[in-house]
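Q: Can we go through this structure together? I'd like to start with the charged pairs.
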Amino acid sequence: MAERKPIIRLYLARIKEAFYKLSEEEKIEFMRKDRENLDKLGCKVMMVCDCRWSNEEWNFLGVEEWPTIEALEKRAKFEYEELGKYRYVESKTYLGTRESFAEYGKG
């Protein structure tokens with residue numbers, strides 16, 4: 001049986017104006033629900049970079065590790081149906097699995 005590797009998700013995100021129009025309480029609630037779901041589904045946030053100072057297209061870049069593709073499918077459903085993330089954030093994502101390059105180029 002093939003080894004099940006965790007899924008790595010790289011994302012680029014741009015915050016939309018609608019998010020900035022939320023009250024402080026609404027922003028806090030949005031972020032709380034978002035974080036709770038990440039934790040519930042076993043996401044490990046490996047890195048988040050603030051790109052606003054260097055990039056006009058994307059505000060943030062992040063790398064996450066997910067236990068399974070099924071967890072990511074549940075996350076996508078939550079983002080769309082419960083969080084309504086599409087109203088507040090535009091994003092681009094790439095999925096892959098971790099590979100070791102320790103032997104890369106050694107012949």
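A: Asp-39 and Arg-35 both sit in helix α2, four residues apart, which is about one turn of the helix. This is a predicted model.

Q: How far apart are the closest N and O atoms of Asp-39 and Arg-35?

A: They are 2.7 Å apart, and the two residues form a salt bridge.

Q: What about Arg-9 and Glu-79, where do they lie?

A: Arg-9 is in strand β1 (residues 7–15) and Glu-79 is in helix α3 (residues 69–83). They are 70 residues apart, so the pair links distant parts of the chain. Their side chains meet in a salt bridge of 3.7 Å, N to O.

Q: And are Arg-9 and Glu-79 buried or exposed?

A: Arg-9 is buried, and Glu-79 is buried too.

Q: Why do side chains like that pair up at all?

A: Side chains of opposite charge can pair when their charged atoms come close.

Q: How many salt bridges does the count come to?

A: The count comes to 16. One of them is between Arg-32 and Glu-29, with the closest N and O atoms 2.5 Å apart. Arg-32 and Glu-29 are three residues apart in helix α2 (residues 24–40), so about one helical turn separates them.

Q: Back to α2 itself. How many residues does it have, and what does it span?

A: α2 has 17 residues and reaches 24 Å from its first C-alpha to its last. That is close to the 24 Å expected at 1.5 Å a residue.

Q: Which residues of α2 are buried?

A: Lys-27, Phe-30, Asp-34, Asn-37 and Leu-38. They cover an arc of only 105 degrees around the axis, so they are on the same side of α2.

Q: What do those buried residues pack against?

A: They pack against α1 (17–20), β3 (60–66) and α3.

Q: And which exposed residues are on the face turned away from the buried side?

A: That face of α2 carries Glu-24, Glu-25, Ile-28 and Lys-40.

Q: Last one: what follows α2?

A: Gly-42 follows α2, and its phi is positive, near 85 degrees.

Definitions and conventions:
Residues numbered from 1 in each chain as written. Predicted model: local features only at pLDDT ≥ 70, side-chain atom pairs only at ≥ 80, totals over all residues. Heavy atoms only, no water. Salt bridge = Lys/Arg side-chain N within 4 Å of Asp/Glu carboxyl O. Helix = DSSP H or I, 4+ residues; strand = E, 2+ residues; numbered from the N terminus. Buried < 20%, exposed > 50% of the residue type's maximum accessible area, 1.4 Å probe, protein only. Expected span 1.5 Å × (residues − 1). Arc of directions from axis to C-beta. Contact = heavy atoms within 4.5 Å.
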